[in-house]
Amino acid sequence: FESEIVAREAVGGIIACTQSPDHIMPPNATLLQHRLGLPVSVAAFDYSLACSGFIYGLFLAKALIESQSLDNILLVTAEAYSKLIHPQDRGTMALFGDGAAVSLIRKGTKGVGKVVLGTDGSGGNRFIVPAGGSRMPKSSETCVEIANALGNVRTPENIHMDGPAVMTFVKKRIPDCVTGLLHQAGYTQENISLFIFHQGSALSLDYLEAALKLPKEKVYRNLARIGNTVSASIPIAIRDAQSDGLIVPGSRVLLTGFGVGFSWGACIVEC
């Protein structure tokens, strides 16, 4: 979590996480290489994950550095869910915010420790944009508006989120993910300075705080100010927590992401 200045020629890779890319092709990471003036020796690729995307990105960056493939990696997490939400779907419109973050992952610095990841694809249809991919290409039929029982309007080209199912997933998977990580790392809650969860919803944050019996002062929140910014939510929360003086040199922070897929992950970061 240190602020560093790195020369363009020292950057070896760009990993970009987004589900709302500029184009179907080429990948956003390749466009960023050009726009940032980085050398053509840069390895650049996208991956498609949502609310767990930052944790998966740390896992990828850590693996590439530990394999001695790259030394300096830009991890880009950026989402514009407003492009995927129908303006009359109150269930999603009131929750999400567009956001982006860039994190520099470097060799030889304190940082990412133990990482745990998980996937349950049986919940894939609970948080989905049905149309627009190869399985259901956009057509005159996929842009037809449909109102649900609550009066929310959307088309198959918009986000469809089953809120209760997502919350059931959070309850089933995330407390065990956090306690499992602590056990594997040999830590207790008392060894963690701050817990930063994906800023999914106030309901999910309230539940995790209560289920894990965490003191309120150890659970960071900025949801009320910026909304759910998907894969960018954790790095934005890290920067805000630093600005608030809650992350300082020597802090040990536990990060947890969860959402679309269903997928989840957690890691411990030493500052």
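Strand 1 and strand 2 run parallel and are joined by 5 bridges. The model described here is a predicted one. Within this pairing, Gly13 stands opposite Ala43 of strand 2. Strand 1 is also joined to strand 3 (residues 72–79), again by 5 bridges and in parallel. Here Ala16 stands opposite Val76 in strand 3.

Strand 1 is mostly covered, with 5 of its 5 residues buried. The cover extends to both faces: Gly13, Ile15 and Cys17 are buried on one side, and Ile14 and Ala16 are buried on the other.

## Helix 1

Strand 1, helix 1 and strand 2 form a β-α-β unit that is right-handed. Helix 1 spans residues 28–35, and its buried residues are Asn28, Ala29 and Gln33. Viewed down the helix axis, these buried residues fall within an arc of 145 degrees, so they line one face of helix 1. They pack against strand 1 (13–17) and strand 2 (43–47). The face turned away from this buried side carries the exposed residues His34 and Arg35. Just after helix 1, Gly37 takes a positive phi of about 70 degrees.

An open sheet of 4 strands has the order 5-12-11-10, and its pairing is mixed. Strand 5 (112–119) and strand 10 (194–197) stand at the edges with a single partner strand each, so one side of each lacks a neighbour in the sheet. On average, neighbouring strands of this sheet are turned by 10 degrees against each other, direction ignored.

Inside the sheet, strand 11 and strand 12 run antiparallel and are joined by 8 bridges. Arg252 has Glu270, in strand 12, as its bridge partner.

Two helices lie across strands of this sheet. Helix 2 (residues 53–66) lies across strand 5, strand 11 and strand 12, and runs at about 125 degrees to strand 5. Helix 4 (residues 163–185) lies across strand 5, strand 10, strand 11 and strand 12, and runs at about 30 degrees to strand 12.

## Val260

Where is Val260 placed relative to strand 11 and strand 12? Val260 sits in the loop between strand 11 (252–259) and strand 12 (263–270). Val260 has a relative accessible area of 13%, and it counts as buried because that value is under 20%. Leaving aside residues up to four places away in sequence, Val260 touches Gln19, Ala50, Tyr81 and Phe127. Of these contacts, Ala50 is 210 residues from Val260 in sequence, while the C-alpha atoms of the two are 5.8 Å apart in space.

## Salt bridges

Side chains of opposite charge can pair when their charged atoms come close. The structure holds 10 salt bridges.

| Pair | N to O distance |
|---|---|
| Asp22 and Arg35 | 3.7 Å |
| Lys62 and Glu66 | 2.9 Å |
| Asp89 and Arg154 | 3.9 Å |

The salt bridge between Asp22 and Arg35 links distant parts of the chain: Asp22 is in the loop between strand 1 and helix 1, Arg35 is in helix 1, and the two are 13 residues apart. Asp22 counts as partly exposed, at 44% relative accessibility. Arg35, with a relative accessible area of 59%, is exposed.

Lys62 and Glu66 both belong to helix 2, where they are 4 residues apart, about one turn of the helix. Lys62 has a relative accessibility of 22% and counts as partly exposed. Glu66 counts as exposed at 55% relative accessibility.

The side chains of Asp89 and Arg154 meet in another salt bridge. Asp89 lies in the loop between strand 3 and helix 3 (90–93), and Arg154 lies in strand 8 (residues 153–154), so the pair ties together parts that are 65 residues apart in sequence. Is Asp89 buried or exposed? Asp89 is buried, with a relative accessible area of 3%.

Elsewhere, salt bridges link Asp206, Glu209, Lys216 and Arg221 in a network.

Methods. Residues are numbered from 1 along each chain as its sequence is written. This is a predicted model: local features need pLDDT of at least 70, side-chain atom pairs count only at pLDDT 80 or more; totals for chains, interfaces and linings use all residues. Side-chain values use heavy atoms; hydrogens and water are left out. Buried means under 20% relative accessible area, exposed over 50%, partly exposed in between (1.4 Å probe, protein chains only). Contact means heavy atoms within 4.5 Å. The arc is that of the directions from the helix axis to the C-beta atoms. Two strands pair if DSSP finds at least two bridges between them. Axes are lines fitted to C-alpha atoms, for helices over the stretch in contact, and angles run from 0 to 180 degrees between N-to-C directions. A crossover is right-handed if, with the strands pointing away from the viewer, the path from the first strand over the helix to the second runs clockwise. A salt bridge is a side-chain nitrogen of Lys or Arg within 4 Å of a carboxyl oxygen of Asp or Glu.
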